[in-house]
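Here's a quick briefing to read alongside the model. Have the sequence and the 3D view open as you go.

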Amino acid sequence: MGNMFGKEKPLKEQLRENKRTITRAIRELDRETRTLQKEEQRLTIEIKKMARENQMKAVKIMAKDLVRTRQYITKFIEMRSHLQGCALKLQTVKSHAAMAEALSSTAKAMSKMNKAVNVPSINKMMAEFERENMKAEMMQEMMGDAIDDAMADENDEEEEDRIVAQVLDEIGVDMNESIPNAPALGLAAASANTVSLDGKVAVGVEDGASGEAGGGVDPALSDLEARLNNLKR
């Protein structure tokens, strides 16, 4: 019906019809082969029966039929093999056609996508993005500094003193006793060493240095002062 009005059938439809025809022919060949095999078995039984009855003429005639039947069985098997080869070829052609159609559709889609992509505009967009990103980072940094300055409070110093006192309590040092005495002792020793009637300050400083080297400064106190300086930073 497709060619009645001069309208050509699609390739898929033609391949489907040809495959259906080949499958039908193979089915008919199988049916005929089974019929001939049954006839072969019947002739074999009849030949044996006639041979027992010593009817040699009938045996010869049936032997000719048996040989002819076996030849047709062989031909049908060969024809079935050829038809299966044709079906495989049609399936291969169908696969090639599907692959070609898929490649054609893919090529068209890629062509449209390549035409839609504008490389200069993408480069311009990326440059603008990079520039705006740098501006945003700079603004964020400036706002962070401004917020830190605005949120600065005098209570922070009290919090720092509280943390220092907590640390001193943990290490077992009293802030009112040890910390004031350390600079006082250091200043007293420095003033005693620097006072001289002749005005030679260098000698006094040298003596003070020798006094500190001799054990005037406690190493634990120096470590404590270093911790305090680190906490106040």
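**Salt bridges and packing**

Glutamate 39 counts as partly exposed, at 29% relative accessibility. Its side chain meets that of arginine 42 in a salt bridge, 2.4 Å from N to O. Keep in mind that this is a predicted model.

**Charged pairs**
- The salt bridge count comes to six.
- Glutamate 39 and arginine 42 sit three residues apart in helix H1, about one turn of the helix.
- Arginine 42, the partner of glutamate 39, is partly exposed too, with a relative accessible area of 41%.
- Arginine 70 and glutamate 40 also meet through their side chains in a salt bridge, at 2.7 Å from N to O.
- Arginine 70 is in helix H2 and glutamate 40 is in helix H1, so this pair ties together parts that are 30 residues apart in sequence.
- Arginine 70 is partly exposed, its relative accessible area being 42%.
- Glutamate 13 pairs up with arginine 16 in another salt bridge, with the closest N and O atoms 2.6 Å apart.
- Glutamate 13 and arginine 16 are three residues apart in helix H1, so about one helical turn separates them.
- Glutamate 13 is partly exposed at 28% relative accessible area, and arginine 16 is partly exposed at 40%.

- The largest nonpolar core has six residues: Leu43, Ile47, Met50, Val59, Met62 and Leu66.
- Helix H1 (11-52) and helix H2 (56-116) are the elements that each give two or more residues to this core.
- What does leucine 66 touch, leaving aside its neighbours within four places in sequence? Leucine 66 is in contact with Glu40, Leu43, Thr44 and Ile47.
- In H2, the buried residues are Val59, Met62, Leu66, Thr69, Ile73 and Phe76, and the buried residues of H2 pack against H1.
- H2 runs for 61 residues and reaches 90 Å from its first C-alpha to its last, close to the 90 Å expected at 1.5 Å a residue.

**Surface and the whole chain**
- Val117, Val119, Ile122, Met125, Met126 and Phe129 form a nonpolar surface patch, with about 590 Å² of accessible area together.
- One of these, valine 119, belongs to helix H3 (residues 119-150).
- The chain exposes about 19,200 Å², with carbon and sulfur atoms supplying 58% of it.
- Among contacts with a separation of 6 or more, 66% come from residues 24 or more positions apart.

Notes
Residues are numbered from 1 along each chain as its sequence is written. This is a predicted model: local features need pLDDT of at least 70, side-chain atom pairs count only at pLDDT 80 or more; totals for chains, interfaces and linings use all residues. Side-chain values use heavy atoms; hydrogens and water are left out. Patches are made of residues with over 30% relative accessible area and no salt bridge: like charges are joined within 9 Å, nonpolar side chains (Val, Leu, Ile, Met, Phe, Trp, Tyr) within 5 Å. Accessible areas come from the Shrake-Rupley method with a 1.4 Å probe; for residues, only the protein chains shown count as cover. A salt bridge is a side-chain nitrogen of Lys or Arg within 4 Å of a carboxyl oxygen of Asp or Glu. Helices (H or I, at least four residues) and strands (E, at least two) are DSSP runs, numbered from the N terminus. A nonpolar core is a set of buried Ala, Val, Leu, Ile, Met, Phe, Trp, Tyr and Cys residues joined through side-chain atoms within 4.5 Å. Buried means under 20% relative accessible area, exposed over 50%, partly exposed in between (1.4 Å probe, protein chains only). Contact means heavy atoms within 4.5 Å. The expected span of a helix is 1.5 Å times one less than its number of residues.
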